[in-house]
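Thanks for coming. Please have the sequence and the model open while I talk.

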Amino acid sequence: MRSDIVKKGSTRAAHRSLFYAMGYTPEELQKPMIGVVNAFNEIIPGHMHLRDVAEAVKSGISAAGGMPVEFPAIGICDGIAMGHDGMKYPLPSRELIADSIEAMAIGHGFDGLVLIPNCDKIVPGMLMAAARLNIPAVVMSGGPMLAGRYNGRDISVSTMFEAAGLYEAGKITADELDTMEKSACPGCGSCAGLFTANTMNCLAEVLGMALPGNGTIPAAHTGARRMLAKKAGATAVELVKTDKRPREILTLQSFENAIAVDMAVGGSSNTVLHLTAIAYEAGIELPLSLFESMSAKTPYITKMSPGGTHHIQDLNEAGGIAAVMKELTKVGIIHTEALTITGTVGDRLEAALITRPDVIKTVDAPYRSRGGIAILTGNLAPDGAVVKESAVAEHMLTFEGPAKIFDSEDAAIDAIIGKKIHDGDVVVIRYEGPKGGPGMKEMLNPTAVITGMGLRVALLTDGRFSGATQGACIGHISPEAAEGGPIGLIQDGDIITIDIPNRKLGVQIDENQMQKRRQEWVKPAPKVTTGYLARYAKLVTSGSTGAVLK
């Protein structure tokens, strides 16, 4: 066992004495040592119940003959960080999470890991660590939040971001806003729609690194989640005994499966960043062209919030991710022979069944014939841009209008609230990319306010959009403005052309004019010059390559 380096031999007497100080017994030290990475905290609703999940995981490890050892991981709530300088940190925190797990796992000689995340960057950060370390590992999330209820309909946190726009437009009263905000998020779990956290927890299943149900069994269904957690703990012990490692599971086939499911369900656009980053740690390249080619042959078969009215609890009732994958096998885009932590993908799909056809459509009668995420290119995004096509209204799939340029998210929000943005405009928020932000802020506030106000505008950024974003919102524009990309060269009034069906994003400027502006462009001073973000900005790569550190 790997943990023998800290437990066995006369030269490890001091090490053993430290274990005994914590109450571990000599008998326990003979067992596989499984690290339980618990991202519990009291600032994220999706994480406030993870102590209970961790206890069930540890019970499963002990019952299977392992020695559970718990240690923490950080986590930032994207919703609370949204709309201010705090949003510079969530994406960079992904790297901190991966690095800290690496340090703990190697520093203490763990045999295996059970990773307990739930929300946005914590899930990919932990998967990145698993791929990097390549020791047996299982992902066990905390599960999705139930939808809230207001006036007889399901609502969630995305409803509240849009409610701010409704209020600013005078469409709801302060009392209505107050009632809604106290109803939208009824308890623990990752926010109820198919936003980034729930998308990544579902894709952890597809990648084979989590058990079926990981992404869809609601957090409030405590009995079912405790049972799943116990199984996850026992599975980790079995993986150690058979020495089955993440890179045997995280293959190109498994990533293609994940991209296919992501396209089929209309997942968060952030998954392009995260899958690419996880693959990088596994030694696999996922070019944006792969996402586009998978999208072209994957039917869009669920319409989840924010692109529709269903929430994750509905997907769970409909048969979960296994039912989606089973349906996709009919068009030959799922590698059923791919390995998982428990057998093959095909093994998992044998009993899968769609039980709510109103939630999961068939591949013969999908919502759209192409996947939910589109990769756009053109003279405004030579290295690509990402849009959640499934959350774009049909009348906005093609759009043309004058650019309204803002060099920060705050400036854009002030203009939107100040009624300076009008129907037909293309709002451009730049210098918010991985280096320019730094940290590649999510832009849910401006997009949600625009939606709530009922404006017919598009929004472009070299930053990101929340998984809760809907509308003609195009992010990850690469190269970013801080690297001299075309988005940093355009000016107010330039005509922007968006053609999502044909995957095009351009500005009506000829190359001579673009070259002249490029020569006149002056690289701006860094927004942050000290601390972690300053170091991050120097090392981070483009959004088109996953915003990984090199």
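Cys 188 is buried, with a relative accessible area of 19%. Buried here means under 20% relative accessible area, exposed means over 50%, and partly exposed is in between, with a 1.4 Å probe and protein chains only. Before going on: this is a predicted model, in which local features need pLDDT of at least 70, side-chain atom pairs count only at pLDDT 80 or more, and totals for chains, interfaces and linings use all residues. Residues are numbered from 1 along each chain as its sequence is written, and side-chain values use heavy atoms, with hydrogens and water left out.

How many disulfides does a search of the whole structure find? The count is zero, where a disulfide is a pair of cysteine sulfur atoms within 2.5 Å. For Cys 188, which is in no disulfide, the nearest cysteine sulfur belongs to Cys 119 and is 11 Å away. Cys 202 is in no disulfide either, and its nearest cysteine sulfur, that of Cys 119, is 13 Å away. Cys 202 also counts as buried, at 3% relative accessibility.

Next, strand S3. Helices (H or I, at least four residues) and strands (E, at least two) are DSSP runs, numbered from the N terminus. S3 covers residues 112-116, and five of its five residues are buried. Which residues lie on each side of S3? Gly 112, Val 114 and Ile 116 are on one side, Leu 113 and Leu 115 are on the other, and all are buried.

S3 has pairing partners, and two strands pair if DSSP finds at least two bridges between them. Strand S1 (residues 33-38) runs parallel to S3 and is joined to it by five bridges; in this pair, Val 36 stands opposite Val 114. Strand S4 (residues 137-139) also pairs with S3 in the parallel sense, over three bridges. There, Leu 113 stands opposite Ala 137. Between S3 and S4 the chain passes through helix H6 (residues 122-133), and this β-α-β crossover is right-handed. That term means that, with the strands pointing away from the viewer, the path from the first strand over the helix to the second runs clockwise.

Last, helix H19, residues 444-453. Nine of its ten residues are buried, among them Leu 444, Pro 446, Val 449 and Met 453. What covers them includes helix H7 (157-168), helix H18 (409-417) and strands S10 (426-429), S11 (458-461) and S12 (473-478), with contact meaning heavy atoms within 4.5 Å. After H19 comes Gly 454, with a positive phi near 75 degrees.
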